[in-house]
Amino acid sequence: MVKSTGTAQLKLGDKTIDLPMYTPTLGPDVVDIGKLYAQADVFTYDPGFTSTAACESAITYIDGDKGELLYRGYPIEQLADESHFLEVCYLLLFGNLPNKAEMEDFEFRVTNHTMVHEQMHQFFRGFRRDSHPMATMVGVVGAMSAFYHDSLDINDPWQREVAAIRMIAKLPTIAAMAFKYSVGQPFVYPKNSLAYAENFLHMCFSVPAADYKVNPILSKAMDRIMMLHADHEQNASTSTVRLAGSSGANPFACIAAGIACLWGPAHGGANQACLEMLREIGTVDRIPEFIARAKDKNDPFRLMGFGHRVYKNFDPRATVMKESADEVLELMGIHNNPTLQVAKELERIALEDEYFISKKLYPNVDFYSGIILDAMGFPTSMFTPIFALSRTVGWISQWKEMIGDPTQKIGRPRQLYVGESYRDYVPVEKR
Ligand code: CMC
């Protein structure tokens, strides 16, 4: 626990309450209200957690005003240029960049866990062919608890690590299987001679009837997508994983909970929603209509791929993603298809429009990732599963950090109750 570096005073009527304050290594000071209820008989109220730090963490830092994202202190731009996904996984999980021997050992361990239990193939076949791959993933990842009994004891650090390695290794296999199942093609086994992102693309796009070689530009772009999505501090799905884990639930169940939360269109589901919106707009001349709808307070429509709770300047992931988008589109010979035209024009208008400027609504990571994944040949339904497999390492690192903290206790928010105060039961014949 960090040491108190000051005191804040809260005045409640004629009572003054002293609240300890902490100074983080980066970011705003924090007022500790943990004992407020015991001291003053009041709760605090912060729906959406806009001002509440729910935990102490040393993994990821975001400065929303500067547009900065650091994994264990390293800026995302440097990692995207110089590192690779498995090295980033090691960094997030263990806190430091690995030396050569540590990296080789980690790669060996992940690579040797990529296959799923053969019986899981049967489990997949229970889903309807037209199931959304996210629905399949929520079910299959949750079901891992039924297949890997030897890594369920959360009090054993070794079992925690095995569960972490298993999930990092198997999520691409599970996501690729969900994809293959949805398109009616045979499952492709992982190939341990391939690098992590390359192996994922191979499992998605190869078929037994033909040879398939992954283009290195595409595997590099996929590896970058994975790095950029690997962690994002206490967002909705990560907080879900922490809350689920705080009860002592097993790691596979917690990650399944995170996947379920990520699916929503305000979070990871935005990449699918964004591309579908671009297609719905269809042509550049229809953009003003959609911009007008986004501004209309009586219309629930929002421009997907724009805005962020924390970034109020720009999303640094989007800047890197845009570079990758250019490379992939060039490689695929996509220069001016209608979706891309709409995307470019929408980006231009939104960046110049007073509404978007004043509300600090910039294109976020999901605006560009969908364009790249579409160009690679993925259907929109696979966009969020790719986000999920990339974020798994972040979820598991945050879960591991929480479980390893001896002061951790079950997450249990309070409420502002606005229901009936008291009423006596009335038998049905008297109602
Ligand atoms: N289009 C139009 N208006 C918007 C948008 C948008 N995309 N986003 C926010 N606003 C407006 C909103 O109507 C509100 O206006 P007012 O103050 O007049 O009521 C104001 O901006 C603030 O919005 P908010 O909902 O209070 O902001 P938030 O921090 O709760 O929401 C957000 C953040 C990401 C959920 C939201 O910007 C959004 O729904 N964006 C579209 C979905 C999206 O792209 N999500 C992906 C986020 S990045 C990947 C990830 O982390 O999962």
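Visitor: Which residues line the largest cavity?

Guide: A cavity is a space where a 1.4 Å probe fits but cannot get out. In this model, which is predicted, the lining of the largest cavity is made up of Leu329, Ile334, Asn337, Thr339, Leu340, Ile371, Asp374 and Ala375. By class, five of these lining residues are nonpolar, two are polar and one is charged.

Visitor: Which elements supply at least two residues of that lining, and how much space lies in the largest cavity?

Guide: The elements are α15 (338–352) and α17 (365–376), and α17 gives the most, with three residues. The space in the largest cavity is about 60 Å³, and a search of the whole structure finds three cavities of 30 Å³ or more.

Visitor: How should I read an open space, and what is the volume of the second largest pocket?

Guide: A pocket, unlike a cavity, is an open set of points. The second largest pocket here has a volume of about 320 Å³, and of the 28 residues in its lining, those closest to the centre are Ala195, Tyr196, Ala197, Glu198 and Asp223. Two or more lining residues come from each of α2 (76–82), α3 (85–94), α4 (100–111), α7 (157–183), α8 (196–205) and α9 (216–229).

Visitor: Which element has the largest share of the lining of the second largest pocket, and how does that lining divide by class?

Guide: The largest share belongs to α8, which provides six residues, while the class division of the lining is 13 nonpolar, eight polar and seven charged residues.

Visitor: Turning to the whole protein, how many helices and strands does it have, and why can it be called as compact as a globular protein of its length?

Guide: The protein has 18 helices and six strands. Its radius of gyration is 23 Å, close to the 22 Å that the globule rule gives for 431 residues, and it is therefore as compact as a globular protein of that length. Along the principal axes, its C-alpha atoms fill a box of roughly 75 × 65 × 55 Å.

Note on methods:
Residues numbered from 1 in each chain as written. Predicted model: local features only at pLDDT ≥ 70, side-chain atom pairs only at ≥ 80, totals over all residues. Heavy atoms only, no water. 1 Å grid on protein atoms, 1.4 Å probe; cavity = no way out; pocket = protein on both sides within 12 Å on 5 of 7 lines; lining within 4 Å. Points joined across faces, edges and corners; volume = space filled by probe spheres on them. Helix = DSSP H or I, 4+ residues; strand = E, 2+ residues; numbered from the N terminus. Nonpolar A, V, L, I, M, F, W, Y, C, P; charged D, E, K, R; others polar. Rg over C-alpha atoms; globule rule 2.2 N^0.38 Å.
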